[in-house]
Amino acid sequence: MDTPPVPQLRVEHLTMRFGGLVAIDDLSFAANRGEITAIIGPNGAGKTTVFNCITGFYKPTSGRLLLSLGDAVSEAEVAALTASGRRFHRTATGAVFLLERMPDYEIAARARVARTFQNIRLFPGMTVLENLIVAQHNRLMVASGWTVLGLVGARRYVQAEARAVELAKHWLERVGLTERADDPAGDLPYGAQRRLEIARAMCTEPALLCLDEPAAGLNPRESAELTEFLHSIQQEHGTSILLIEHDMSVVMEISDHVVVLEYGQKISDGPPDHVRNDPKVIAAYLGVEDKEVEEVEAEIAR
């Protein structure tokens, strides 16, 4: 018997207002553990705003963002955490976090959420290898006793530093950039910078990896390589991936689950084949009015 999927992230009644502008309006969906969930929609639909709420760049106006590590948590545990006013709760197998209550640095460090950006944000003056080591800053600072143990070369810091370098080298090899390890990151071609940014995020060993348009600016060959790379991350590491993407060939090829937004509201939610054939989705991408959705549906049925 198949085991039911375990939600890694539950977005419940998320609303984000900027003054009188409602960017996200009562949005709910779940991203299951070990799956690739895509958020798609026309420009201005609110996709990046959702990411910014999940990763702590914005504090939602209302709603709940629940991320769990370990086994599924019961509704009773969730209710108790919500009522307690705390940000997270340790369980027998992991932890459950209310991301809307947490600052961005704590979401990254404790809840193990990593992200990339629509506009590449590498450190261009640092080497390719240094970009991957700096991603492990939090662990290295803890191992150094916040500098002191690092200065005296304490054993635990030396071991942590060696592990950081090995992890960085591992991801360099995975993205085919070992030979460029000592080159400035800013000298890499655009596609290689995209791969490096994902590798840097993976060096934090995330439970949830949020990718904001990773295929933007890539040619068809690079997009195919990206799809293969993300599948390998999913399969080999069990990492849950939340993806914003405009390239529908990538979305339909790679996603287990697709959520479609329009003007901050969810208009479709389900497997790629369901979403692909949803008249509301087709109408949204064609830019037609709501009253024309039935005409689109009729056209499909012919």
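**Strands, cores and spaces**

Modeller: Let's start with a pair in the sheet: Glu 12 has Arg 64 in β4 as its bridge partner. Keep in mind that this is a predicted model.

Biologist: What makes β1 and β4 a pair of strands?

Modeller: Two strands pair if there are at least two bridges between them. Strand β1 (residues 7-18) and β4 are joined by five bridges and run antiparallel, so they pass that test.

Biologist: And what makes β4 and β6 a pair?

Modeller: The rule again asks for at least two bridges. β4 and strand β6 (residues 95-98) have four, in the antiparallel sense, so they count as paired. Across from Leu 67 you'll find Phe 97 in β6.

Biologist: Why is β4 called largely enclosed?

Modeller: Buried means under 20% relative accessible area. In strand β4 (residues 62-69), six of the eight residues are buried, so the rest of the structure largely encloses the strand.

Biologist: Which residues touch the most other members of the largest nonpolar core?

Modeller: Trp 171 and Leu 196 do, out of 43 residues in that core. Helix α8 (residues 190-202) makes the biggest contribution to this core, six residues. There is another core apart from it, with 32 residues, including Leu 65, Phe 97, Ile 107 and Val 113.

Biologist: What does Trp 171 touch, leaving out residues up to four places away in sequence?

Modeller: The list is Leu 132, Ala 199, Met 202, Cys 203, Phe 229, Ile 233 and His 237. As background, nonpolar side chains in soluble globular proteins tend to be buried together.

Biologist: On to charges. What makes Arg 10 and Glu 12 a salt bridge?

Modeller: The cut-off is a side-chain nitrogen of Lys or Arg within 4 Å of a carboxyl oxygen of Asp or Glu. For Arg 10 and Glu 12 the closest N and O atoms are 2.8 Å apart, so the pair qualifies. Arg 10 is buried, and Glu 12 is buried too.

Biologist: How do you know that Asp 212 and Arg 115 form one as well?

Modeller: Their side chains meet at 3.8 Å, N to O, and the limit is 4 Å, so this pair counts too. Asp 212 sits in strand β8 (residues 208-212) and Arg 115 in strand β7 (residues 113-115), so to speak distant parts of the chain, 97 residues apart. Both Asp 212 and Arg 115 are buried.

Biologist: Why are Lys 266 and Asp 269 called partly exposed?

Modeller: Under 20% would be buried and over 50% exposed, with partly exposed in between. Lys 266 has a relative accessible area of 36%, so it is partly exposed. Asp 269 has 29%, so it is partly exposed as well. The side chains of Lys 266 and Asp 269 meet in a salt bridge at 3.1 Å, N to O.

Biologist: Last one: why is Ala 143 called buried?

Modeller: The cut-off is under 20%, and Ala 143 has 10% relative accessibility, so it counts as buried. Ala 143 belongs to helix α5. Leaving aside neighbours within four places in sequence, Ala 143 is in contact with Leu 149, Arg 156, Tyr 157 and Ala 160.

Notes:
Residues numbered from 1 in each chain as written. Predicted model: local features only at pLDDT ≥ 70, side-chain atom pairs only at ≥ 80, totals over all residues. Heavy atoms only, no water. Core = buried A, V, L, I, M, F, W, Y, C linked by side-chain atoms within 4.5 Å. Buried < 20%, exposed > 50% of the residue type's maximum accessible area, 1.4 Å probe, protein only. Helix = DSSP H or I, 4+ residues; strand = E, 2+ residues; numbered from the N terminus. Contact = heavy atoms within 4.5 Å.
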